[in-house]
Amino acid sequence: VPLVRNGRLFDWTRTEDLMALAETLRLTWYGTGLEHGRWDIPSLSLGLAGRGDRIAIEDLEARLGDTLLSGAGEVTLAGDIPSWQLSLTSEGVDLERLLALFPTDLRGEGSVQGTLLLAGTGLALERAEFASVVADVKRLRSDSGWGPLRLGKTRLQAKALPLLADGMGLEELLRTHPQGLVDLEPWRLSGQGDTVALGGVRLAQYQLTLANGKGRLNLELEKGRLNVDVPASQGPVKALSLTLRGKARLHAQGDATKGDARTLPWHALSAEQLQFQAGQVVVTTREGEYKIAEAFVKAGQLPLIVEGRALDWTRPQDRILVIRNAGMNILASELRHQDWSVDSVSLELSGRDDRLLVEAFQVRLAGTALTGDGELTLGKATPPWRIHLAGKRVAAGPVLAIFGAPFQADGRFDVELNLQGIGLNQDQLLRRTLRGQARLSGRDIQVQGMDVDKV
């Protein structure tokens, strides 16, 4: 190790002195109790060897708690400030100790094995990612303002997964640069576990993959059971439960929430090119449960976060944002609600101004079909709607049950309905707001239980 060079003391701040050192350096170093910022490493040993304008870091061993990490790296001396990179491999690091090393709100229990890549300039750590990793998580939590996030027993596998980019942890990266996770080099995360919950949304027994590519985050859900608890202020739906599989692209926009940990991490977030298959669907409303055996949904774009907050169906302007780019196909089978059932429902949805248009609408029940169209005006607090339905040789009983007729009927008739109303509350519709015309023609129709005074 040179002490005097060209008649002067060796200067560690001069690049040419450092490069001269690299030409001849051979050093083995061992230390204990290394601390710097978040880093607290009980013991560290390594070898240094000069190679041109670089210093190779060899035989590196660091102890983190009861775990030994091994690896190698190099320091590049060219430039005003030396840059460095390290590759560390471990067979099982304590998850809580590992997370404590990085600027993240995440805390958890479990073990992590894989290869961790670190890079920076001077003494600053600027980038950290798992080149490959397998994490067996017992529990993981985050209590940031846009949470709370809870993760149950889970196995996570990843390639090139970022932990730190541009000197920022994931939470800060999401708030200040929402496209950050998309613009990084390609990475992939897959998970299989018991539960993951964010606020009132919980996914159980799931298997999913999240990866970036072509300016989007690509989500594929191979299986899972989704449960959603809806606040009472957000309309007639109280809860939703279903099994789910499918895929979508997620697109984040804007940085209006920069530096504010109490808000959601994006100014806007939308799901695009959705294709989902749902089963065992139960929608709980104020009027009871609606059950669907199976449903298929395809959609072009669906907003999830608007102006830094979650989409709120009670706001007419939010509903208009949803339908503005609406392009959705829905097919559902075996729809049931209390005293009536439908074999299948299919329809296409599109948006025009503040109206949601229902086209190619078909309802099949009791071996017959009703076809038609309709629209829902979403720009008002209680949305008005209209619907047109027509069918030949339609079973009288199932149709009358759907509309809450105060009597029973057997037989078949030709039917054409032109109806309009306000809101979706069945009792209020029948008593106050339901208007329109119904044309029925048939033979041998048997009516039971009709009270003329109540019709």
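Ala 366 is a handy place to start: with 36% relative accessibility, this residue counts as partly exposed. Keep in mind that the model is predicted. Ala 366 sits in the loop between strand 22 and strand 23, and its phi is near 50°, a positive value in a residue other than glycine. Most residues other than glycine have a negative phi. Glu 334 is placed in strand 20 and is partly exposed, at a relative accessible area of 42%.

Stay with strand 20 for a moment. This strand covers residues 327–337, and His 337 lies in it. Is His 337 buried or exposed? Its relative accessibility is 3%, so His 337 counts as buried, the cut-off being under 20%. The His 337 side chain reaches the backbone oxygen of Glu 289 at 2.9 Å. Leaving aside neighbours within four places in sequence, His 337 is in contact with Glu 287, Gly 288, Glu 289 and Tyr 290.

Now over to strand 18, where Phe 296 has its place. Phe 296 is partly exposed, with a relative accessible area of 36%. Which residues does Phe 296 touch, not counting those up to four places away in sequence? They are Phe 276, Gln 277, Asn 329, Ile 330 and Leu 331. Gly 279 is 17 residues from Phe 296 in sequence, and their C-alpha atoms are 8.9 Å apart in space.

Strand 18 (288–306) also turns up in the cover over helix 5: what covers the buried residues of this helix includes strand 18, strand 19 (309–310), strand 21 (340–352) and strand 22 (355–365). The helix itself runs through residues 316–324, and the buried residues in it are Asp 318, Arg 319, Ile 320, Val 322 and Ile 323.

What about the largest nonpolar core? It has 86 residues, and Leu 60, Leu 98, Phe 102, Leu 118, Phe 130 and Leu 370 touch the most other members. Strand 17 (residues 268–285) provides the largest share of this core, at seven residues.

Two threonines are worth a look as well. Thr 377 is found in strand 23, which spans residues 368–377. Beyond its neighbours within four places in sequence, Thr 377 is in contact with Asp 354, Arg 355, Pro 383 and Pro 384. Thr 104 has its place in the loop between helix 2 (95–99) and strand 8 (107–121). Thr 104 and Leu 163 are 59 residues apart along the chain, with 8.7 Å between their C-alpha atoms.

| Residue | Relative accessible area | Class |
|---|---|---|
| Thr 377 | 16% | buried |
| Thr 104 | 17% | buried |
| Ile 445 | 32% | partly exposed |

Last stop: the surface. Ile 445, Val 447 and Met 450 make a nonpolar surface patch of about 230 Å². Where is Ile 445 found? It is in the loop between strand 27 (435–442) and strand 28 (446–448).

Conventions:
Residues numbered from 1 in each chain as written. Predicted model: local features only at pLDDT ≥ 70, side-chain atom pairs only at ≥ 80, totals over all residues. Heavy atoms only, no water. Patch = residues over 30% accessible without salt bridge, like charges linked within 9 Å, V, L, I, M, F, W, Y side chains within 5 Å. Areas by Shrake-Rupley, 256 points an atom, 1.4 Å probe, with all protein chains shown as cover. Salt bridge = Lys/Arg side-chain N within 4 Å of Asp/Glu carboxyl O. Helix = DSSP H or I, 4+ residues; strand = E, 2+ residues; numbered from the N terminus. Buried < 20%, exposed > 50% of the residue type's maximum accessible area, 1.4 Å probe, protein only. Contact = heavy atoms within 4.5 Å. Polar contact = N/O pair within 3.5 Å; in protein donor to acceptor, adjacent residues only side chain to side chain. Core = buried A, V, L, I, M, F, W, Y, C linked by side-chain atoms within 4.5 Å.
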